[in-house]
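Here's a quick briefing to read alongside the model. Have the sequence and the 3D view open as you go.

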Amino acid sequence: MYYSKILIPTLKESPADAEVISHKLMVRAGMIRQMAAGIYSTLPLGLRVLKKVEQIVREEMNRIGGQEVFLPSVQPAELWEESGRWEFYGKELLRLKDRHDREFCYGPTHEEIITDIVRRDVHSYRQLPITLYQIQTKFRDEVRPRFGIMRGREFTMKDAYSFHTTEESTRETYSQMAEAYSRIFERCGLDFKMVEADSGTIGGSFSHEFVVLADSGEDRIGFCDSCDYASNLEKAEARAAKPNSESTSEEDIKEVSTPGKKSVEEVTQFLNVSSDKLIKTIVFETDQGLVAGLVRGDREINPVKLKNLIDCEWLNPAPEELITKETGVPCGYLGPVGTQLKVFADTEITHMSNGITGANKADTHLTGVQFGRDLKVEKVGDLRDINEGDRCPKCDSGKYKIKRGIEVGHIFILGAKYSEAMKAHYLDDQGKEKPMIMGCYGIGVGRTAAAAIEQNYDEKGIIWPLPLAPFQAVILPVNFKVDAVRSAAETIYKTLWEQGVETLLDDRSDRLGVKFKDAELLGIPLQIIIGPKNLDEGKVELKSRKTGESKLISFPEEISTVPEILAEL
């Protein structure tokens, strides 16, 4: 492709609203343009990158037996009402009506559609398992779309769905999918981790995220510095608590005056004790009413873990005014002893002796609180956030490291959640009707491309991994109007395309400095610089975008070695 024939509207300045480097550089490199909040047009260079991600995904899905389909983006409300998600999904679901006043939504995901297809046409255990996938546009009406195509409202996603007769078969496909995802992100040239994750609004009992490590990532993951264990912080397991080895005698419970002392820091300083002696009581609103979660004073409660322990549909921090209205206790003094709220405790609480809690009245706390004697608890479980340096729950020698990352893929075992609700049944070998067991597997195509930039850039621009680069090589003639330079450039261009090297020839009349700046901004892995002086000596210059290293090769004899040079970059 000749530069003058392709739309590459590069910019010198980043857009004012861009927060992350991938957004800034994709706009500056002329790859995307914003149409509305969270909605982007993809220009030729950007589309070449996205199509490369898609092709890698498609090849790996086909490799494990996935069958590609293409499903409607506009979905009828009836299917979502069948699954129970029409009201539950919330404002992210873009709802619309047709001319007949029938309700539809623009699909944020396709569990309902695919389940409807399979229940219509798959009826026997002999037809299972089956895996269907698509690469298609989705829409989620994010309240605050940001980060360019990394978190837009409209985006391209590969979503796959598998249907099975047994849990064993589901886990086999899940394992194959996990391996396929690992190959996809390896082929994309990304540094990533597969981490345990919460299933969120899609549901299910077992899931993993694939997270590209990047300082700009919204997600935080914990992983062991010794073994392979890794998890999203929402899910990261805390090492099982052990009883305190110090022998202490149980004190009687008693009230102490703590005038105006509400926070952990204020109370512990006032009572001259360490924060691990305090039992924090945090109140949440749920679909089951107000509940209280207990963690040690030096810990933070993990709302996702609490939600899963309670097994509620939703959970949010309770506003102070609601807490005071429902309990009659000023915030800062609420405690678990004698409360009417359902109480859920972290495992560490069970090993605490002589704890300190709010006394359920103003300016007062309790000391000498014993778990077994004074606290009535609904359930005990792992409810705390992990911290950097905490011991690994899976091995004896490792400690947690915490890094930021960008979620680019997510795989779930859904079980029979949708098949039972929507009556997606099959007949087993005994002729009995049973619900299918499902798996769900997604990859964000645009997110993967953006994540690659977040991992690969410098002050000059993008540094594309070779498999995702819009072009693999760019030819930079010093002066394209000089006959010898133009002839050499066109010869190299033709030769490389014949060798299968995707090449961009910068035939513009601009100064070489302008061409260099654009080439570095675009991040094309190999630059081929052609100047009259080197040509007179039978040479052209090759320069690596990633390392900045350059060397001269013989022209035309060594042009055939460019594919080998690219493979080594």
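In which sense do β27 and strand β28 pair, and over how many bridges? β27 and β28 (residues 503-505) pair in the parallel sense, over three bridges. Keep in mind that this is a predicted model, where local features need pLDDT of at least 70, side-chain atom pairs count only at pLDDT 80 or more, and totals for chains, interfaces and linings use all residues. Residues are numbered from 1 along each chain as its sequence is written, and side-chain values use heavy atoms, with hydrogens and water left out.

**Overall picture**
- The protein comes to 16 helices and 31 strands; these are DSSP runs numbered from the N terminus, helices being H or I with at least four residues and strands E with at least two.
- Its C-alpha atoms fill a box of roughly 95 × 65 × 50 Å along the principal axes.
- Of the 569 residues, 51% count as buried (under 20% relative accessible area, with exposed over 50% and partly exposed in between, using a 1.4 Å probe and protein chains only).

**Strand β27**
- β27 covers residues 473-477, and five of its five residues are buried.
- Side chains in a regular strand alternate between the two faces of the sheet.
- Here both faces are covered, with Ala473, Ile475 and Pro477 on one side and Val474 and Leu476 on the other.
- Val474 has Leu504 as its bridge partner in β28.

**A three-stranded open sheet**
- The strand order is β13-β19-β18, and the pairing is antiparallel (two strands pair if DSSP finds at least two bridges between them).
- β13 (254-257) and β18 (355-358) are the edge strands, each pairing on one side only.
- Neighbouring strands in this sheet are turned by 35 degrees against each other on average, direction ignored (axes are lines fitted to C-alpha atoms, for helices over the stretch in contact, and angles run from 0 to 180 degrees between N-to-C directions).
- β18 and β19 (residues 364-369) pair over three bridges, and Thr357 has Leu366 in β19 as its bridge partner.

**Helix α2**
- Just after α2, Gly65 takes a positive phi of about 90 degrees.

**Val74**
- Val74 sits in strand β4 (residues 74-76).
- Val74 counts as partly exposed because its relative accessibility is 36%.
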